[in-house]
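Dear colleague,

I am passing on to you the structure we spoke about, with its sequence, and below it I have set out what I found on going through it. Please look it over before you read my notes.

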Amino acid sequence: MAENSPSSPTAHPPPGAAWPRVDDGWRQTHLGRLLGHAMRRFDARVLQLMAHNVEVPLALSNLAARDQVTAAHVHITRHLALQGDRLTDLAQRAGMTKQAMANLVDQCEAWGLVTREADLLDARARRVRFTANGLAWVQAFRDAVTQAEGEFRAEVGPDVATVVAIGLEAYAGGDAQWLAAGRRE
C-alpha cells in the first residue's frame with residue numbers, strides 16, 4: 001500500500017482538501033476523562049473548604065488559600081497511616097515514586113504537617129508521622145470531604161449519589177489492597 005494512498009492510516013488529504021469528518025467527541029466524554037474531571041473538582045472543593053476551616057492551623061490555611069497545597073499534597077493526607085509509615089510504603093500506597101513522595105514529604109515537613117523519626121523496627125529506616133498540626137489537618141480534611149460529599153449528594157440527588165458510590169466502589173474493588181487499607185485508617 002502506498003504511503004499516501006487514501007486507505008493508508010497515515011494518509012493526508014491533498015493540499016486544500018478537507019480532512020474527513022471523524023467523530024472524536026468521545027475523547028472529551030469517555031468515563032476516564034469524566035472521572036478525572038470529577039476528582040479534580042472534588043479535590044479542589046475539599047482544599048477550598050480546608051482553607052476556610054478555622055480549626056486548620058493558620059499557616060496551613062494560608063497555604064491552602066493561596067493554592068500552595070495541591071491535590072498532590074492530599075496524597076499524604078489520604079495515604080499516610082495515622083501510626084506512621086516508611087516512605088517506601090507511603091509512596092507505594094499513593095501510587096507514586098519514592099522520589100516524588102520524598103519531595104512531598106519534604107514540603108509537608110517544612111510546613112509542620114509531618115515529621116520523620118527513627119523506625120524502631122529498622123535502624124536504617126525512618127518513619128513519616130503526622131505532627132499535632134498534621135492531625136488537625138487530617139480532621140479538617142475529613143470535615144471537608146464530608147461536606148463535599150454532601151454537596152455532591154445535593155447536586156445529583158441521593159439516589160444517583162448512592163449508585164455512583166456503589167459503582168465506583170465496585171470498580172475500584174479490583175484494587176482491593178488500597179481500598180482495604182483506606183477502610184482501616
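The notes below take up confidence, then the sheet, then the helix contacts.

Please bear in mind throughout that this is a predicted model. The average pLDDT of the protein is 82, and 81% of the residues reach a score of at least 70. Among the elements, strand 1 (residues 85-86) has the highest mean pLDDT, at 94, whereas helix 9 (residues 176-184) has the lowest, at 47. Over residues 176-185 the pLDDT stays under 50, and for this stretch the model has 10 contacts beyond four places in sequence. Where pLDDT is low, the predicted coordinates should not be read in detail.

Turning to the sheet, the protein has an open one of 3 strands, arranged in the order 1-3-2 and paired in the antiparallel sense. Strand 1 and strand 2 (114-119) form its edges, each of them pairing on one side only. Strand 1 runs antiparallel to strand 3 (residues 122-130) and is joined to strand 3 by 2 bridges; in these, D85 has V128 as its bridge partner, while R86 is partnered by R127. Strand 2 and strand 3, also antiparallel, pair over 6 bridges, and the two are connected by a hairpin through 2 residues. Along this second pairing, V114 stands opposite F130 of strand 3, and T115 stands opposite R129 of strand 3.

How does a helix pack on this sheet, and which strands does helix 6 touch? Helix 6 (residues 98-110) packs on the sheet through contacts with strand 2 and strand 3, and its direction makes about 115° with that of strand 2.

Helix 6 also meets helix 5 (residues 87-94): the axes of the two come within 9 Å and cross at roughly 105°, an angle that makes helix 5 roughly perpendicular to helix 6. On the side of helix 5 the contact is made by L87, T88, L90, A91 and A94, and on the side of helix 6 by K98, M101, A102 and V105. By class, the residues of this contact divide into 7 nonpolar, 1 polar and 1 charged.

A further helix pair is formed by helix 2 (residues 31-51) and helix 7 (residues 132-156), whose axes come within 8 Å and cross at roughly 125°. That angle makes helix 2 oblique to helix 7, and the crossing in which helix 2 passes helix 7 is right-handed. Helix 2 contributes R41, F42, R45, V46, L49 and M50 to the contact, and these meet W137, A140, F141, A144, V145, Q147, A148, E149, E151 and E155 of helix 7. The contact of helix 2 with helix 7 comprises 10 nonpolar, 1 polar and 5 charged residues.

With best wishes

Definitions and conventions: Residues are numbered from 1 along each chain as its sequence is written. This is a predicted model: local features need pLDDT of at least 70, side-chain atom pairs count only at pLDDT 80 or more; totals for chains, interfaces and linings use all residues. Side-chain values use heavy atoms; hydrogens and water are left out. Axes are lines fitted to C-alpha atoms, for helices over the stretch in contact, and angles run from 0 to 180 degrees between N-to-C directions. Helices (H or I, at least four residues) and strands (E, at least two) are DSSP runs, numbered from the N terminus. Angles under 35 degrees count as roughly parallel, over 145 as roughly antiparallel, 65 to 115 as roughly perpendicular and the rest as oblique. A crossing is left-handed if the near helix is turned anticlockwise from the far one by less than a right angle, and right-handed if clockwise. Contact means heavy atoms within 4.5 Å. Ala, Val, Leu, Ile, Met, Phe, Trp, Tyr, Cys and Pro count as nonpolar, Asp, Glu, Lys and Arg as charged, and the others, Gly among them, as polar. pLDDT is the predictor's confidence in each residue, from 0 to 100. Two strands pair if DSSP finds at least two bridges between them.
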